Amino acid sequence: MAGNVARPNHLASPRGAVTGSIGRVIAYVVLIVIAVAIIYPLVWMTLNGFKSNAELFGDAWGLPTKWRWENFVKAWNLGVVRYLLNSVIVTGASVVTTILFSSLAAYALTRLRIPFAGAITVLLLGGMMLAPTVALIPLFRLIQALHIFDTYWALIILYTAFRIPFTVFLIRAYMITLSREMEDAAIVDGASRWQVFWLVVMPLCRPIIVSAALLQALFAWNEFVFALVFISDTNLKTLPVGLLAMQGRVLSDWPVLFAALTMAAIPMIVLFLLGQRQFIRGLSEGFGK
Amino acid sequence: MSEASRLGRWSMLLWVAPAVVLLAVFVYYPVVDNILLSLYRWDAFSPKDVWVGLDNYVNLAADPVFWSALFNNVAYAVVSVVVQVGGGLTLAAVLEELVHGRLKGFFRTVYFIPAVISLTITGLLFQFIYNPQIGLLNQLLGGLGLGALEHSWLGESATAIWSIIAMSQWQSIGYVMVLFIVAMQRIPRELYEAAYIDGATRPQAFRRITVPLVREMSVLAMIITVSGAFLVFNEVQVMTAGGPNNSSHTLGTWLYKSAFFNDQMGYAAAIAVVIFLITITVSIVQLFLNRGKVVQY
Amino acid sequence: MNVGSETELKEENVRTTIRAKRPISRFLALAMTAGLVLAACSGSATPAPTPAPSPSGPAASTEPAASPSPSPAAELEGTISFLHKYSDPRYAPYFESVVAAYMAAHPKVTIQIQAESDQGVKDKLRILAASKQLPDIYFSWAGDFTKKFVRGELAKDLTADVTGAWKDSFTPAALDAYTYDGKLYGVPITLDAKYMAYNTKLFADNGVAVPTNLAELLAACDTFKAKGIEPIAFGNQYGWPAIHYLTQLNPYFVPAATLQKDYDPATGEFTDPGYQKALEAFADVNTHCLTKGANGISHEAAQAQFLAGKSAMHYLEAVEFFALTEKGGAPAALAANWDFFQLPAPASPAGDAGYLTGAPDGFLVNPNSQHLDIAIDFLKFLTNADNAAKLVADLGWLSPITGSATAANTFPQNVTVIENINKAKGMAIWLDTVTQIDVANAYLNGAQAMLDGTKTPAQVMDDVRAAAAKAKAESQ
């Protein structure tokens, strides 16, 4: 890929002021200032978790005098551990179901000659234009009628349903461009459609699946509206809703809230840092076409 | 077609069945149900629904909060396009052109991080940053000698929604920037070489080469930011819940408040129908625009 | 797009992914099983509040008419859910311990606690009501807030359940707050009133006396302001703190009978000029006394300023007094130097200066509960003498159970509060819960707008009257 190779700068240089060293310096300064503006709030948030209430009120800029880890322990016990666990369960399950149903559908639409293929494609992709907020009130009655109110299932099912369109879009676009040599070879060798799907096509789709899984995880982990409305039991709340509830509880002990926020932000940041390559690469595979 | 293969074709529907069923029941059916629900007046406490026909829509049109919320969503969309798409594109170009190697990766990572953090976390964090007494922003302004600019950012009708919009840009500009970086990396370097040899400046190269060739990505980025702008809920709910005096409501939070605070579920359903119409129109319009000419070079 | 590079890319992808070789199917299958197993396990470990059937014990009646629940002659058995708004870590332990004690005394009973925050319970209750998942026992504010549940047939008539010695143990005014059309619907557990706490040292040092009317209050504020001390620490983030001022001012400017008529959605008009005068009085208080930019400051943050000795006064509820004591965590400098007074009335009030803002907190019972017997019995337990005394001692609250608060188990200011409440002509229930929701919203938003400078008292009253008209129309 052209972009990953080091650019031969010596070949040709543009003329003009912007390229001169002044232009370069200004550009760097701007970049750095923006980077600081982006990172500093997060640093502030973390430092505040170590302060005492009085310090927080007295001196917003300063460093904490003592590193109060007990704030973090308190936040953990007040519910962060429970909320984290719930988020992991709901996110994990919905990632699996979304990827599974979406790849099945994408494969069928691109490889099998199913009846009503056109209509189904429009149905599945058109769902991207419909948003959770719009469906909130009717879903209310529906979830209650299905007796899944206040359960993990409500969220898992909804997260899957609302993300299938986008995931199908990604996987389908990728599958369309896959060369069919290997599949044809497998079919000639006598493999069933199912086997071709699992053993040939899915491994080939690994990049887009990883990217789709990461994007789905990001969505489910941070989803708010459904989690707010359909989960009532404190023990089942996912992280975003739990944190909001925590804000209502620790009305007078703010460092504990900051500690909770910091702990809650870490998993996704770590996941992103670890999976950055796949994530960006997946984005380029999915969007670059 | 033989009996066997016809059966085979229909059994292939099983592949798409889970996806189709889930979508039909949980995504499409609610849209229809919404329209029905908006024709009644009902709430959590009313023993039965009362038919009111189009009353909810009439009230909607006369409701100043609805229009203010709509305005807020539009403001959100406009600012997001300018800052995230325009700014993101520019930042991406600067990063790609002027920074290389490890440093580029560093900046890219740093800018992107806010986008992976939950809006609840950033919302609560910025609630503190905007706090008039101990928040970072007022302290910063005071420290820079700009004390006169200090406000109760989330507490004044004039500044509340703009403060939230600003937070949203902080959160998402890195995300859009990375999308553009991805798109820019596909542009063959030779084009730039040729232009520079012909005597172009960097800004000219940016305008004539970069911008047209990332057109697809620009459209995609605009679709994401504009539809996102009309669906805003999380950050507003967390930071101000629509206040003060309903000034920072967006259509989403006004829907929620109508349903779960003001005991007006039918009215909320009407708002949902409006949101639906707007987002559908926005998607269709932008899809249409995307069918424009492909750049040849 | 450059065709050449695209095909290059495609082939490269296929080549690299084949080289990767790890069959994704295995990973997916594992993850899927794990995910679904985890989800199923955890999902079922915490059941939704559908209680198990109770074979023993007589069947509970579920008619909305006043029929007494059967006395628990047989042993109580079953699970009930209990929703309260005291998730604050300072208060939650008390309820947990009472529930634990009850469950220990009744081994076959399980009580599931749902703890919400003060603001969070407002939408949570509606969500639960709309999805027909109201807990067996749930919190509700007095006023139209409870009446909503009554109208929706979601609150059990408790007149026949709260009788005899149990009934007599309550202060009558507390039961009145939850009585509508002669029927009792709620069980109160606290007594509460709103007072202006003041820093006695700051007052003494600056030669300020306790104000006896509004004009004196404004003058006192001016004195403090001149000395660079914040007169009244005020934070209005969710809108109700401003409402509490209005709750007290309205009865001062409007005759009691008119108030009663207007607060009832079926007859509310708000045409008395006193209402606007009350708003104007609030505007005056704001100009002279209140913290600027209060809409963006929480009530608790303002309280922190008062605790730190940075402001002279703070308007808060008697249930919050505990936070001003040393046992409750206040700095010694404040804990030893505070007292309180009722928000003063204007010199010659058109209304009645004897009305005090305040209302009990209480719980309602879901008439569709499968275990009415357990619910009522638990409420009886919660409000018995021992637990009431524990409430006073542990939380510093006041209980409606007479005799629960004495000089022995609580701080001196609390004892004064009880005397004060008993002397009051009547209680004025919080304006945002006593009125119908549209009227409440008109006041909430209006007050915020006034603090913002975007609305005048006259405009706010226009909104209130319009809302009252709408409420009247809907109640027909």
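Me: Is B:Asn246 buried or exposed?
Reply: B:Asn246 is buried, because its relative accessibility is 8%, and the cut-off for buried is under 20%. Bear in mind that this is a predicted model.

Me: Where does B:Asn246 lie?
Reply: In chain B, in the loop between H12 and H13. B:Pro244 is found in that loop too, with H12 covering 234-239 and H13 covering 251-260.

Me: Which peptide bond is cis?
Reply: The one joining B:Gly243 and B:Pro244, with omega at about -10°.

Me: And C:Glu153, what about its phi?
Reply: C:Glu153 is not a glycine either, and its phi is positive, about 55°. C:Glu153 sits in the chain C loop between helix H5 (144-151) and helix H6 (164-168).

Me: Switching to packing. How many residues are in the largest nonpolar core?
Reply: 328. Among the members that touch the most others are A:Phe230, B:Phe180, C:Phe149 and C:Met313.

Me: Which helix gives the most to this core?
Reply: Helix H3 of chain A, residues 70-111, with 18 residues.

Me: What is C:Met313 in contact with, leaving aside neighbours within four places in sequence?
Reply: The list includes C:Met196, C:Tyr198, C:Phe203, C:Leu217, C:Cys221, C:Phe306 and C:Phe341.

Me: How many residues does the second core have?
Reply: 26, and that core is separate; C:Ala193, C:Phe321, C:Leu398 and C:Phe411 are included.

Conventions. Residues numbered from 1 in each chain as written. Chains lettered and ligands numbered in written order. Predicted model: local features only at pLDDT ≥ 70, side-chain atom pairs only at ≥ 80, totals over all residues. Heavy atoms only, no water. Helix = DSSP H or I, 4+ residues; strand = E, 2+ residues; numbered from the N terminus. Buried < 20%, exposed > 50% of the residue type's maximum accessible area, 1.4 Å probe, protein only. Core = buried A, V, L, I, M, F, W, Y, C linked by side-chain atoms within 4.5 Å. Contact = heavy atoms within 4.5 Å.
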